[in-house]
Amino acid sequence: MTKSFPKGFLWGAAASAPQTEGGANLGGKSPSTWDVWFEKEPERFFNQVGPSNTSDVYHRYAEDAGHMKAMNLNSYRTSIAWTRLLPDGKTLNPEAVAYYRDYFQTLRENGVEPVINLFHFDMPWWMMEKGGWENREIVDHFAYYADQAFQAFGDLVKKWATFNEPMVHIECGYLGDAHWPMVNDMKRAVQVGYHTLLAHFAAVKAFREGNYDGEIGTILNLSPVYPKDDAPENIEAKEIGEAIYIKSLLDPIVLGHFNPRLTAILKENDLMPNKEAHDDDYLNYRIDFLGVNYYQPVRVQHQPEGKRPIESRGDLVRGYNWPDKKMNPHRGWEIYEKGIYDIGMTIKNDYGNIPWFISENGMGVEGEEKFADADGIIQDDYRIEFIEGHLSWLHQAIEEGSNCFGYHLWTFVDCWSWLNAYKNRYGFYRIDLEQDGKRIPKQSSFWMADVIKNNALPK
């Protein structure tokens, strides 16, 4: 049976401004935390490769849009750099407006709908100096930034997202050292999460009150949680894990209320955030669609030795190393295709079957050049297998009524990462760093072009 996808299905790829744009010192852009961190501690960055140039989309977006057209992509998700649009947080930068308008118009002229995200981990340094997400002022700053973006680009952009993976800047910056400011404090992390939610709601409020044309959503990394076994203590660990990893953000954003189990945990451990009167009014501002980033599942078991009061999520649940798992050894992540189906069923059954799409899914591989043929084309059969396996399970979810309207791979052209620079490659197109960033299609790009053309998986 042919596995066809719904008419109008969004086929595309995902990226971010800080990982692809480059031009960090051009066009009036101000520094982000990544720019300043690299200046302070370049040794913390893989091979000491910083964010100044990345994939040079700032200069090469027209070329990339042409490649997207050749691949039959009909959509592309990326982000705006807050630091470029409002370098001081107050003043609209005309150079940025001109750049983004031409970028988005060029995408459209090539048949590619821009899906634009407002925040992808790139905190402006001027705001970081004021405390970043710990300072409640950021809620109003973010709402102002969002409104300026809606006004500047609303005629070209009809699908907006407030955040990409807000859980990541919470956990990596305030429960670890992978993001600035590299602190590990549960109380501060909860407050950061709360302010992030308020900022999301404030941006949605600005969109609604501005009566802008289009739709607004957000993008969450949703990892389905699986217990070690059916023992009661491990089922409870699963429920706690879901409250932390899924429901902490999904419940307020989609359902309009905070998850009661998580709230109870925070109260028991004196971790409730500081709130102001009428904050709950923000919960009335709901999204139109949900973006879901899925890479790997979370497997948990009972934690018998957790501290009280808790100091980290590890005091509540322990990870479980499933012996039968399939791995991507380059990234150290489990590959579990059925997880994408389980997400779809959760959204259908527990979240009102809100319209949603896969906003990221992908496989990073180190040393891909060894798979190049005589013409320099990477024969990435492993990526094709990865995509096909996930799409097959996604198709099953759609067949069973889950309201999914698209699939975006991370990413279109290989992009920079603060943790690995260009070590792990994810793109449909390879960037040859030794040939001035030349774009070279991989075999997966030709395979995907046929899938999109037929709106179906190959038989």
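Reader: What makes strands β1 and β14 count as paired?

Author: In this predicted model, five bridges join β1, residues 10-14, to β14, and the two run parallel. Pairing requires at least two bridges between the strands, so β1 and β14 count as a pair.

Reader: Why is β14 called largely enclosed?

Author: Strand β14 covers residues 404-410, and seven of its seven residues are buried, so the rest of the structure largely encloses β14.

Reader: What makes helix α8 largely enclosed, and what covers its buried residues?

Author: Helix α8 spans residues 166-174, and nine of its nine residues are buried, so α8 is largely enclosed by the rest of the structure.

Reader: Why is W126 called buried?

Author: W126 sits in helix α6. Its relative accessibility is 17%, and buried means under 20%, so W126 counts as buried. Leaving aside neighbours within four places in sequence, W126 is in contact with S30, W82, L86, P87, D88, G89 and H141. The C-alpha atoms of W126 and S32 are separated by 8.1 Å, with the two residues 94 apart along the chain.

Reader: Why is I378 called buried, and which residues does it touch?

Author: I378 lies in the loop between β13 (365-366) and α13 (381-399). A relative accessibility of 2% is under the 20% cut-off, so I378 counts as buried. Not counting residues up to four places away in sequence, I378 touches E368, E369, F371, A372, R430, P441, K442 and Q443. For I378 and S417, 39 residues apart in sequence, the C-alpha to C-alpha distance is 21 Å.

Reader: How do you know that E368 is buried?

Author: The relative accessible area of E368 is 0%, and the cut-off is under 20%, so E368 is buried. E368 also lies in the loop between β13 and α13. Beyond its neighbours within four places in sequence, E368 is in contact with I378, D380, Y382, R383, R425, R430 and K442. E368 and R439 are 71 residues apart in sequence, and their C-alpha atoms are 14 Å apart.

Reader: What makes the chain as compact as a globular protein of its length?

Author: The chain has 14 helices and 17 strands. Its radius of gyration is 21 Å, close to the 23 Å that the globule rule gives for 459 residues, so the chain is as compact as a globular protein of that length. Of the 459 residues, 61% count as buried. The C-alpha atoms fill a box of roughly 60 × 55 × 45 Å along the principal axes. Among contacts with a separation of 6 or more, 76% involve residues 24 or more positions apart.

How values were computed:
Residues are numbered from 1 along each chain as its sequence is written. This is a predicted model: local features need pLDDT of at least 70, side-chain atom pairs count only at pLDDT 80 or more; totals for chains, interfaces and linings use all residues. Side-chain values use heavy atoms; hydrogens and water are left out. Helices (H or I, at least four residues) and strands (E, at least two) are DSSP runs, numbered from the N terminus. The radius of gyration is taken over C-alpha atoms; the globule rule is 2.2 Å times the number of residues to the power 0.38. Buried means under 20% relative accessible area, exposed over 50%, partly exposed in between (1.4 Å probe, protein chains only). Contact means heavy atoms within 4.5 Å.
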